[in-house]
Amino acid sequence: PSKINLKDYTKPSFDVDTVHLDIKLFEDYAQVDSTLEMVRQTAGDIVLFGESLELLTITMNGKVLTTEDYQQEAGKLTIYNVPERATLDIQVRICPQTNTALEGLYMAGSGDDTMFVTQCEPEGFRKITFYPDRPDVLAIFTTRLEADKRYPTLLANGNLVEAGEVADAPDRHYAIWHDPTNKPSYLFACVVADLDVLTDSYTTSEGREVLLELYAKSADIDKCDVGMQALKDAMKWDEVNYGRAYDLDRYMIVAVSQFNMGAMENKGLNIFNTACVLSSPETTTDARSFSVKAIIAHEYFHNWTGNRITCRDWFQLCLKEGFTVYRDQSFSADQQSSAVQRIDDVATLRAHQFSEDAGPLAHPVRPESFVEINNFYTTTVYEKGAEIVRMIANTLGPDDFRKGTDEYFRRYDGQAVTVEDFLSALSITDDKIENFIDWYRQPGTPVVSGSQTYDSTAQTLTITLNQQTRHVKGFDAPKPLPIPVATALFDKDSGAIVAERMLLLDEATQTFVFENVASEPVVSLLRDFSAPVQLNYDYQDADLAFLLKHETNGFNRWQVTQMLVNRILLQGQGVKSSPDVYLEALAQTLPVLSADDAMLAARLLDIPSAQELASAISKDYDPVLVKEQRDGLYKQVADKLKDQWAELYNNLPMQSYEDSAEARGIRALRNVVLDMALTANVDDAADWAKQQYDNASCMTERFGALKTMVNHQLAGADKYLADFYERFQANDLVIDLWFSVQAAADDVTPDMVKSLLTHTDFDWNTPNRVRSVVSAFSSQPTVLWTAEGLEMYTGVIQKLDDANPVLASRLLQVLARWNTLAEPRRQMAHEQLVDLQKNVSSKHVLESLESV
Ligand code: HT7
Ligand code: ZN
């Protein structure tokens with residue numbers, strides 16, 4: 001498949017002023033008629049993109065075009081000899097009923113329970129009609145939808161201008177929507193369905209009264225309150241923190257059960273995976289419910305960062321995604337403990353993005369070439385992209401960052417722009433910000449190493465830092481990047497901070513001198529994870545134990561525990577530590593912390609999973625060894641605190657459900673303590689689990705207990721699994737949990753997974769269900785990286801390759817680290833991937849296999 005390169009970008013020859021779409025849905029096909037008013041910008045032909053379309057007619061300025069006037073090849077339709085202005089009328093036929101790729105217009109559901117929805121980002125609009133489907137072509141859309149009346153809900157972007165019966169067709173009706181904002185085609189959306197709606201309103205800071213609507217199936221409408229509240233919170237937050245108010249009279253969200261990703265920010269008509277919008281205490285865990293709020297906020301924030309200011313081309317995807325993730329992380333940090341938010345964000349970054357950067361699929365935050373843009377919705381673009389914005393925000397400080405973002409919105413509103421434009425607006429108070437461009441260009445995670453010397457006579461502390469980034473094949477040799485290193489010096493006697501500074505490491509090696517330091521301090525570096533780097537510093541274990549006690553915020557304390565765990569399990573910086581210091585420090589910290597901040601206590605106990613630890617291993621990775629060592633340390637922690645678990649558990653009694661940060665913290669810690677107690681073979685712990693399940697007030701308690709019972713293979717776990725299934729049979733999202741707890745179980749085998757894949761409730765056409773088994777299974781590396789595990793996993797990819805290549809390729813990313821495995825697994829994985837390569841044809845999957 002051919003590559004598209006950033007350096008080849010050229011402006012479109014024609015702009016589109018207005019688009020009229022008329023979409024008529026019938027039993028087994030849809031007809032799409034479009035009228036495009038096009039205006040020449042530069043010399044050249046009109047280039048329209050189109051895939052899986054049956055072209056019926058095309059006319060230009062009233063004249064029917066023939067193959068003399070245009071050429072159609074490989075997803076493109078080129079029209080020659082076009083005057084300055086052209087009105088194109090195009091009629092196509094499409095088949096949403098057989099569209100299993102879930103891109104473009106597709107039918108979701110089955111039997112009597114179906115609906116039609118769209119997913120156009122990044123290049124789905126070209127599966128609806130021929131169009132200059134690229135983000136730098138902005139137009140005003142008017143959409144007419146016509147369908148059978150058994151689909152009463154007809155929605156599209158913007159405002160409803162008309163609705164009524166279709167003449168001569170008593171079973172059919174229509175609606176016309178007009179979107180007054182200029183938008184690229186990837187933000188187009190429509191929904192044709194039978195849904196209930198939860199309605200609310202919000203008055204913006206500019207005095208606009210906005211109608212808020214959340215559409216879901218009638219059985220799910222009682223699970224929409226959390227999402228609605230989150231939407232109102234996000235609207236307010238964006239006004240307060242960025243001065244951004246909503247700009248239309250209506251904001252709609254639709255819940256869809258078949259969706260490739262989490263949600264989509266279509267202008268005024270967000271479409272959400274049900275898993276990312278529905279929430280109720282009985283059916284949704286706290287963690288999921290929290291992420292529902294974050295995703296609602298993320299999509300809402302796109303209205304300014306993505307929709308009003310969009311990307312010039314898909315290479316600039318991080319422009320909207322990195323900034324929007326940074327914004328949703330900041331929003332979430334304001335909704336709960338900011339330390340816990342940062343812990344979760346950094347844990348995700350380390351587990352997924354660092355390993356992506358270390359493997360064969362490493363790419364810059366702004367890639368320079370791709371075969372299939374769908375493959376670049378990655379944790380590097382999203383999460384590392386957000387870290388770059390965070391570094392810039394911290395470097396500028398809140399006031400100058402706000403000046404910079406105000407300038408960005410002022411300068412580029414209504415335009416399709418680049419990362420350079422973004423940096424140039426943010427530089428209005430400090431032109432050094434433009435140096436951050438290299439973070440967007442260079443792949444690989446920098447490793448920052450350092451050491452210190454103390455001169456007691458001069459009373460100076462000198463810290464020497466250096467940075468190194470691996471040279472990723474196919475890219476220029478890495479350059480030093482600007483790395484902000486937040487640093488504090490702690491007095492060893494009092495534990496107080498004696499100096500605090502943001503060090504900017506922007507050369508390969510640099511020294512930083514602190515004056516007037518009365519005695520040798522303990523240095524805390526990279527506080528709040530001030531840059532997305534790996535840190536190696538010449539700490540003694542005792543320094544880390546000291547910091548665990550004295551660091552002033554929860555994130556930094558957690559970071560210290562992570563360093564200790566790394567030194568125990570992974571020989572961080574070549575040092576192999578004994579677990580004693582870590583265990584002692586935890587034993588001292590935990591009792592106090594669990595009473596003060598239960599959520600943080602839960603995070604401190606959370607030893608990274610084997611999968612997460614493995615992400616730091618770049619060669620000779622032995623999954624069995626890593627798991628043994630990780631489980632060994634987990635057991636040591638459990639045993640060390642064995643006498644405390646009963647008291648801790650009893651001090652966290654189950655109460656009636658409450659959605660407060662404190663109550664969520666208690667539930668999280670209780671689940672961790674329960675698992676620890678079972679690991680330490682505490683008498684009665686099995687009974688606690690059963691009672692917790694039976695008396696649960698919410699899904700966090702019930703599922704926490706079930707998961708623990710399954711993972712510890714408790715007698716009776718099967719009975720509880722069966723009970724869970726019976727109770728929640730009618731709720732797809734809960735049945736997803738039921739599948740996932742089995743597929744991710746500690747004792748899972750490929751045969752068990754195969755039997756889940758043939759269960760009557762398994763459905764290959766529902767990505768949530770596929771992920772609930774396949775992604776859950778991939779969290780067990782000791783089973784995944786076996787001949788049988790891989791055969792099963794690659795079989796799944798092969799099966800999905802044609803039907804849903806976006807999903808297939810995303811699932812395949814997990815296998816990207818095959819080349820870091822120790823032999824003989826490496827060879828075995830390689831053979832399976834070579835076999836897979838011979839049996840797939842989508843460019844999505846083939847591109848992901850390029851390094852094999
Ligand atoms: N901007 C959205 C990306 C998205 C997407 C991409 C590819 C295939 C399907 C998709 N659904 C949504 C989501 C977001 O980042 O907000
Ligand atoms: Zn996004």
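## Where ligand 1 sits

Ligand 1 lies between domain 1 (4–194) and domain 2 (310–439), because both give residues to the shell around it; the domain bounds come from an automatic or database assignment. This is a predicted model, where local features need pLDDT of at least 70 and side-chain atom pairs count only at pLDDT 80 or more, while totals for chains, interfaces and linings use all residues. Residues are numbered from 1 along each chain as its sequence is written, and chains are lettered from A and ligands numbered from 1 in the order in which they are written.

The shell holds 15 residues, with E121, N260, M261, M264 and Y377 the closest (a residue counts as near if its C-beta atom, placed from the backbone, lies within 6 Å). It splits into 6 nonpolar, 5 polar and 4 charged residues (Ala, Val, Leu, Ile, Met, Phe, Trp, Tyr, Cys and Pro are nonpolar, Asp, Glu, Lys and Arg charged, the others, Gly among them, polar).

## The largest nonpolar core

This core has 263 residues, and V254 and A677 touch the most other members. Helix α16 (residues 661–679) gives the largest share, 9 residues. A nonpolar core here is a set of buried Ala, Val, Leu, Ile, Met, Phe, Trp, Tyr and Cys residues joined through C-beta atoms within 7 Å. Helices are DSSP runs (H or I, at least four residues), numbered from the N terminus.

## A look at D357

D357 sits in helix α4 (residues 338–358). Why is D357 called buried? Because 25 other C-beta atoms lie within 10 Å (buried means 20 or more, exposed 12 or fewer, partly exposed in between, with C-beta atoms placed from the backbone).

Technical notes. Helices (H or I, at least four residues) and strands (E, at least two) are DSSP runs, numbered from the N terminus.
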